[in-house]
Amino acid sequence: MKILVMEDDREAADYLQKAFAEAGHTAHVAGDGETGFALADAGDYDVMVVDRLMPRRDGLSVIAALRSRGNTTPVLILSALGEVDDRVTGLRAGGDDYLTKPYAFSELLARVEVLNRRASARESETVYRVGDLELDRLSHSVKRAGREITLQPREFRLLEYLMRHAGQVVTRTMLLENVWDYHFDPQTNVIDVHVSRLRGKIEKGFDKPILHTIRGAGYMLKGG
Amino acid sequence: MALSLPAIMKTTAARLSALYLLLFALCAVLLVLYMTSLSARMLTAQTQETINDEVLGLAQAYQRGGLPVLVRVVENRSRQPGANLYLIADANGQILTGNVQSLEPGVIETEGWTTQPFSYQRFGEGELDRLRSGATDQPSPQTGDGANAPQSTGEKGHNAIALVLRLPNQMIMLVGRDLGEPERFRAVISRALTLALGMMGLGGILIWFFVGRAALKRIDSVSDASRRIMGGDLSGRLPVTGAGDEFDRLSENLNSMLARIAMLNEGLKQVSDNIAHDLKTPLTRLRNRAEATLAGRHKTQDYRQALEGAIAESDQLIKTFNAILMISRLEAGYSSEQTGPVDLAATVSDVVELYEPVAEEAGVALETTVAEAFTINGNRELIGQALSNIVDNAIKYSTDAAEAPKVRVALERLGNEIKLTVTDNGHGIPDDADRARATERFVRLEKSRSQPGSGLGLSLAKAIMTFHNGRLDLLPANPGLSVVMSFPSREAH
């Protein structure tokens, strides 16, 4: 994946570049808004990571300018401000996701990979298939190896999200945001319990695990 | 306070005083000029009236006895002190009798009222004057001797107005009246003007001294106080005299601003203290663990485990840090959180649904009682977070219950408030003081030390309730604890 990082903190930018490289991605760094705009306008990136506060041009205006020029590259906004309202203004300005500093790199990586436009083409599919697991979004039915599995509505949405991002790491906060529509850190790992319940339903009686826990990061649904 | 003149002139009070003074002086001068011209006109009218009366009297005398009687009457009247001017001349202008020795040439040639005041000389007013006066410089046969007239030398002639009549025998009679000395009149006016201006100047200074300087003093005391406050004494306040005037209102407003600043400052200080205190411990722990791992000889697996532990610890630190920031923003009230209609019943079912598996796993029965649907104005995210923190706590602390652990979430209206109550049947917090302290930041009551958590859950919930103009109360439930979120009902507003 080709990632453009707009971040004025040299050290943070270097770290991000190295960490993305280790995860198998190529990252370019722009140290200010103008450079970032020029690079984004010229280059073909899969995802952009944009810091909100940058010298010469702030992140939101860069995003707005790119969007008005028809650039649809998914953008993840990094912000040190971090309130619900900031998130709303950020997303309204054309951002696709929002992460508040300080953040864990695993969280950022997971979100960037989910944002990757080449991987997120599954939105329009009506039936998701991962290994022998099958989810029909229209009839709300789930089958594994041809066997019907009954899920609660919330469990269905949880599985739907995991299947849409099959093969990608999905963090707990991503699940809370996308399945429950809340953006806070729950004190207890309530998500873990929900996931383990779901796991019980889709793995019990089947020989192969399909829902994997990625330590220190989150979960991944992967067949085969 | 000693001020130099330029410094005084820089003050608003002095400038205003000077401006008023100037305006008043201008008005006074205009008024004096107007009054002067008015009185002059009135005096002239009065003089003409007197002369008319006089002429009427003389006409009667003439009718009674002809010219001789007239001459006699004129001579008599001429001699009286402060008499009017009388003159009878022949057709050629030769003065025959009267008390006028000489007058401006041409005055008696035209009949009727003299158009302008003319100068004249009475009898006995000095040789020089007589020489100076034009047409009638020869001594004339006079009867009246003007003994009462003061001997003045080198003086300019007096001014007078007069009525000139032609008698039937072509003789000329003039009856006039002195207009008084213009110099005296002018002196009086200028004296009055000086006096008025002087009093105004004095008044201006007095006004400046008592009104302006008083205002100046108040402003100075305010600026002194603000200088002290800027110097670091944030507890200082501006003086309020209790007069309830503009200055008091200004001071009061500035004081409430200062109070607000002090409060924010206090909050900031508390936050930094708390950060220092509560983040230092886990940071030190993190560092020590890393050091210990480095010091010993370990297998790769051990290093991996230590690193994973470090990541988990850092994540917890980040969570704590975010919670602190959130609380301080909410408490400071400058949060820009967006508010809108929030369906509380939906929030309850969301949160209960979120915690249901956790409760089940912990063996806690989670019940919900929702009386009716309530929609309030607020922030769904924040209310959800507050409720989930409270439910989270309740589940944790009900596990040591004597009976079957149970947590009940109830939504109901009570008077003007909508109450969202979370009750557990655990040990609760028996001590009143402890219960009051439980919502303070980082307070973790002794018994809860063993439970995981940052100690910020209830503080955050409280901050969220304050943000919503509501309250968070902890009440004993016997057994257990009731945490009540009270929202003002929309109808109450």
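Predicted model: local features only at pLDDT ≥ 70, side-chain atom pairs only at ≥ 80, totals over all residues.

Visitor: How many bridges join β10 to β12 in chain A?

Guide: There are 2 bridges between β10 (residues 170-171) and β12 (residues 218-221), and these strands of chain A run antiparallel.

Visitor: What stands opposite T213(A)?

Guide: T213(A) faces Y219(A) in β12(A). Strand β11 (residues 211-214) of chain A pairs with β12(A) over 4 bridges, in the antiparallel sense.

Visitor: Which residue takes a positive phi in the hairpin of β11(A) and β12(A)?

Guide: That is G216(A), with a phi near 75°, in a hairpin that has 3 residues between the strands.

Visitor: Now the helices. At what angle do α7(B) and α8(B) cross?

Guide: Their axes cross at roughly 25° and come within 10 Å. Because angles under 35 degrees count as roughly parallel, α7(B) is roughly parallel to α8(B).

Visitor: Is the crossing of α7(B) and α8(B) left-handed or right-handed?

Guide: The crossing of α7(B) and α8(B) is right-handed. Residues of α7(B) including L354(B) and V358(B) meet residues of α8(B), among them L387(B) and V391(B). This contact of α7(B) with α8(B) has 10 nonpolar, 3 polar and 3 charged residues.

Visitor: And between the chains, how many residues does the contact take from each?

Guide: The contact takes 21 residues from chain A and 28 residues from chain B. On the side of chain B that touches chain A, α6(B) gives the most, with 8 residues. The residues of that side comprise 7 nonpolar, 11 polar and 10 charged.

Definitions and conventions. Residues numbered from 1 in each chain as written. Chains lettered and ligands numbered in written order. Contact = placed C-beta atoms within 7 Å. Nonpolar A, V, L, I, M, F, W, Y, C, P; charged D, E, K, R; others polar. Pairing = 2+ DSSP bridges. Axes fitted to C-alpha atoms, helices over the stretch in contact; angles between N-to-C directions. Parallel < 35°, antiparallel > 145°, perpendicular 65-115°, else oblique. Left-handed = near helix turned anticlockwise from the far one by under 90°.
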